[in-house]
Amino acid sequence: MDFTPRRILDNALDAIAAEHGLKCNLLGKLEFVSAGGSVKDRIAKAMVLAAEKEGKLIPGKSVVIEPTSGNTGIGLAMACAIKVNTSCSDKGYSVVITMPKKMSLEKEALLRALGAQVIRTPDEEPWDSPRSHIGVACKLQREIEHGIILDQYRNINNPLAHEYTTGPEIIASVVSTPSTRTRPSSMKVDVFVAGAGTGGTVTGVSRALKKTHNADCIVVGIDPIGSILALPNNLNIDGEGKPYVVEGIGYDFIPDVLSRDVPDVNHWVKTSDEDAFKAVQALMRKEGLLVGGSSGSALSGALAWFETEQGRKVAGTEGLNVVVLLPDGIRNYMSKEWFLKNAFQTEHSDLATRISGI
Ligand code: PMP
């Protein structure tokens, strides 16, 4: 099975760029086209393959336990259900996912449909509490025979999956897609913007970009208000611990795989739920992109960064390429209040009523 989506969006986010007066190219890296619907398929496959190679997974016996906001779980449930490594004839690993309550019903339903067990944990428990999604996963591992946590927060195959796949795909696309060939283009990724949960995406893609493509690429990390991942630390103080609705980004601890500092991440931007959901609406209505909440965080963070001194220079320079990573799709969130509120706030509802005569 191939979990690798093959394309960056051919057309840039032109309508949004025009609305914000950007002269640079604004490009989206769409990850909802992945098999499991998110950027996390890649790490699930990489972690399962590595564990198999190291002899840590026993077909028919191993129980893969993972604390996740859901998307890594979906990737793992898929990878464990099928033959990722074709030389291994019968996989049959069981999957148990621990997931905070705030994560969407759609993710839980998909996990259950894939055969995984799902245990919900209270949102408010700190990461090191025995009742958090991490604490419960550790307890299960101690108690379940052949239980194993592949551990996306510490597993080097998480950032490596992005260094080896997501990053090179972005580079190849920026060098060769029609949207960057038919308009002024530096033919480089000049700025990369991504939200951080485990931080695997931003860290791994940054390493690919800076090591192999453009050492001067500016990498902007996005962290929701309420989380503590941003640097400098004073960015986090105001909202620390405040609950937020966006799923998949931000934590109350620093995952080992996240490299928060230069050279991996150059700048951090804090984002609000409100701006994120407005940005999702813009991506849907102006660009026709069915993206999830954290995609809105990434776009709204990019737009906020364009207001900084360095960002203004980039925004005003024709041909510079700014790539925003859009991690999953709206179909993960269609029962969420924020989505339904957006969906039913249509400007044309009155017109539709008059036309149909109802
Ligand atoms: N957005 C969504 C919807 C996610 O599920 C995740 C993964 N938790 C991220 C963003 C952040 O990805 P990463 O863990 O690589 O930082």
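**Entry 1: strand 6 and strand 9.** I began with strand 6, residues 191–195, and found that 3 bridges join it to strand 9, the two running parallel. Within this pair, I noted Phe192 opposite Val323 of strand 9. I record here that the model is a predicted one.

**Entry 2: the other partner of strand 9.** I then looked up the pairing of strand 9 with strand 1, which is parallel and comprises 6 bridges. In this pairing I located Leu26 opposite Val322 of strand 9.

**Entry 3: burial of strand 9.** I asked how many residues of strand 9 are buried. For this strand, residues 321–326, I found 6 of 6 buried. I noted that side chains in a regular strand alternate between the two faces of the sheet.

Entry 4: I traced an open sheet of 5 strands in the order 1-9-6-7-8, paired in parallel. Strand 1 (25–30) and strand 8 (267–271) are its edges; each has a single partner strand, so one side of each lacks a neighbour in the sheet. I recorded an average twist of 25 degrees from one strand to the next.

**Entry 5: strand 7 and strand 8.** I found 5 bridges between strand 7, residues 218–224, and strand 8, which run parallel. Val220 is placed opposite His267 of strand 8.

**Entry 6: the ligand.** I looked up which residues are closest to the ligand. They are Gly197, Thr198, Thr201, Gly248 and Ser294, in a surrounding set of 18 residues. I classed this shell as 3 nonpolar, 12 polar and 3 charged residues.

Technical notes
Residues are numbered from 1 along each chain as its sequence is written. This is a predicted model: local features need pLDDT of at least 70, side-chain atom pairs count only at pLDDT 80 or more; totals for chains, interfaces and linings use all residues. A residue is near a molecule or strand if its C-beta atom, placed from the backbone, lies within 6 Å of it. Ala, Val, Leu, Ile, Met, Phe, Trp, Tyr, Cys and Pro count as nonpolar, Asp, Glu, Lys and Arg as charged, and the others, Gly among them, as polar. Two strands pair if DSSP finds at least two bridges between them. Helices (H or I, at least four residues) and strands (E, at least two) are DSSP runs, numbered from the N terminus. Axes are lines fitted to C-alpha atoms, for helices over the stretch in contact, and angles run from 0 to 180 degrees between N-to-C directions. A residue is buried if 20 or more other C-beta atoms lie within 10 Å of its own, exposed if 12 or fewer, and partly exposed in between; C-beta atoms are placed from the backbone.
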